[in-house]
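Look at the sequence and the structure before reading on.

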Amino acid sequence: TALPIWAFYNHVQSDPDNYRGENVYMLASTVSSKFVGAMAGVEGFRFEETLTGFKWMGNRTKELEAIGKTVLFAYEEAIGFMYGTNVLDKDGVSAAAALAQFAIHLEAEGKTFSSKLDELYEKYGYHVSNNSYYICHSKPTIQRIFDRIRKDEKYPRFCGHYRIVHVRDLTTGYDDSKPDKKATLPTSKSSHMITFTFENGCVATMRTSGTEPKIKYYTELKSKPGEEVDREGLKALLGDMVKNLVGEFLQPEVNGLIAKS
């Protein structure tokens with residue numbers, strides 16, 4: 001949250017009279033927090049998602065720079081940051097230096113990271129995530145779990161009593177949020193990744209790991225900008241949605257899945 005704010009602030013301050021949001025981008029992997037997307041909606045710059053892995057964000061950055069665009073920041077859920085474009089990969093050194101600079105700036109204003117975050121949540125909405133995984137050593141079991149969800153593209157429309165409004169399946173290329181129901185991100189039949197968007201704004205993705213015997217899930221729920229929010233209540237709501245998601249779609253007991261220790 002702090003790093004994209006600092007990147008945006010410095011970019012605008014460098015030439016405030018010529019800031020053009022349509023030429024400015026930030027990127028994130030599709031399983032990462034949508035906070036920067038909410039920020040882009042308010043500030044007018046462009047936000048794009050890629051597949052997981054910095055090779056996708058690095059390559060997309062090169063493509064954008066080749067047509068004259070500016071990429072300020074990119075990040076992935078598993079704590080990886082690309083601050084600027086000197087290194088087209090996750091770079092903890094640059095990120096740590098930028099964070100230190102931001103801390104100095106905040107201290108000069110008499111603020112802390114905590115107080116600044118409260119400002120940002122007020123402006124862009126409070127975002128809460130609940131991510132974890134289950135271990136499964138059986139490939140046929142994993143296939144059966146995801147086949148049950150797909151049902152010949154007859155995807156579930158409810159999870160518990162929570163209504164699902166859109167489904168994207170990057171294994172088959174299906175995305176019913178698009179007019180032609182075709183996903184815009186690259187697809188791969190060698191792995192599973194299904195994303196559900198709920199009526200209350202929650203976004204939940206379930207995917208297999210490319211390197212470990214895991215089924216991972218990533219969920220996020222946010223409040224509206226400027227809305228007074230019960231943070232603990234929002235966390236509890238997301239927790240209940242995760243409970244339903246795991247119980248109905250993954251069925252750990254039925255499928256012999258091992259919970260994260």
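Two residues are in contact here when heavy atoms of theirs lie within 4.5 Å. By that rule, Ile145, Arg148 and Ile149 of helix H6 meet Glu248, Phe249 and Leu250 of helix H7. Sorted by class, the residues of the contact between H6 and H7 are four nonpolar, no polar and two charged. The structure is a predicted model.

## Helix pairs

| Helix pair | Angle | Distance between axes |
|---|---|---|
| H1 and H2 | about 30° | 10 Å |
| H1 and H4 | about 75° | 10 Å |
| H6 and H7 | about 100° | 9 Å |

With an angle of about 30° between H1 and H2, H1 is roughly parallel to H2, because angles under 35 degrees count as roughly parallel. H1 passes H2 in a right-handed crossing. On the H1 side, Pro4, Ile5 and Phe8 meet Val36, Met39 and Glu43 of H2. The residues of this contact comprise five nonpolar, no polar and one charged.

The pair of H1 and H4 (residues 92-108) has an angle of about 75°, and the two helices are therefore roughly perpendicular to each other. H1 contributes Ala2, Leu3, Ile5, Trp6 and Tyr9 to the contact, while H4 contributes Ala95, Ala98, Leu99, Gln101, Phe102 and His105. By class, the contact of H1 with H4 holds nine nonpolar, two polar and no charged residues.

## The four-stranded sheet

Which order do the strands of the open sheet of four have? The order is E2-E1-E3-E4, and the pairing is mixed. E2 (46-50) and E4 (80-83) stand at the edges with a single partner strand each, so one side of each has no neighbour in the sheet. From one strand to the next, the twist averages 15°.

E1 (residues 24-29) pairs with E2 in the parallel sense, over five bridges. Within this pairing, methionine 26 has phenylalanine 47 of E2 as its bridge partner.

Two of the helices already described lie across this sheet. H1 (residues 2-14) lies across E1, E3 (70-76) and E4, and runs at about 175° to E3. H2 (residues 35-43) lies across E1, E2 and E3, and runs at about 155° to E2. The buried residues of H2 are Phe35, Val36, Ala38, Met39, Ala40 and Glu43. Just after H2, glycine 44 takes a positive phi of about 90°.

## Strands around E7

Strand E7 (residues 162-169) runs antiparallel to E6, and two bridges join them. Phenylalanine 158 stands opposite arginine 163 in E7. E6 and E7 form a hairpin with two residues between them, and glycine 160 in the turn has a positive phi of about 65°.

E7 also pairs with E8 (residues 174-175) in the antiparallel sense over two bridges. In this pairing aspartate 169 stands opposite tyrosine 174. Four residues lie between E7 and E8 in their hairpin, where glycine 173 in the turn has a positive phi of about 90°.

With E9 (residues 193-198), E7 is joined by five bridges, and the two strands run antiparallel. Isoleucine 164 stands opposite phenylalanine 198 in E9.

Is arginine 150 buried or exposed? Arginine 150, found in helix H6, has a relative accessibility of 8% and counts as buried, because the cut-off for buried is under 20%. Leaving aside neighbours within four places in sequence, arginine 150 is in contact with Tyr155, Asp169, Thr171, Thr172, His192 and Ile194. Asp169 in this list is the residue opposite tyrosine 174 of E8.

The loop between H6 and E6 (158-159) contains aspartate 152, and glutamate 153 lies in that loop too. Phi of aspartate 152 is near 55°, a positive value in a residue other than glycine. Phi of glutamate 153 is near 65°, again positive in a residue other than glycine. Aspartate 152 is exposed, with a relative accessible area of 75%, whereas glutamate 153 counts as partly exposed at 43% relative accessibility.

Key: Residues are numbered from 1 along each chain as its sequence is written. This is a predicted model: local features need pLDDT of at least 70, side-chain atom pairs count only at pLDDT 80 or more; totals for chains, interfaces and linings use all residues. Side-chain values use heavy atoms; hydrogens and water are left out. Two strands pair if DSSP finds at least two bridges between them. Axes are lines fitted to C-alpha atoms, for helices over the stretch in contact, and angles run from 0 to 180 degrees between N-to-C directions. Angles under 35 degrees count as roughly parallel, over 145 as roughly antiparallel, 65 to 115 as roughly perpendicular and the rest as oblique. A crossing is left-handed if the near helix is turned anticlockwise from the far one by less than a right angle, and right-handed if clockwise. Ala, Val, Leu, Ile, Met, Phe, Trp, Tyr, Cys and Pro count as nonpolar, Asp, Glu, Lys and Arg as charged, and the others, Gly among them, as polar. Buried means under 20% relative accessible area, exposed over 50%, partly exposed in between (1.4 Å probe, protein chains only).
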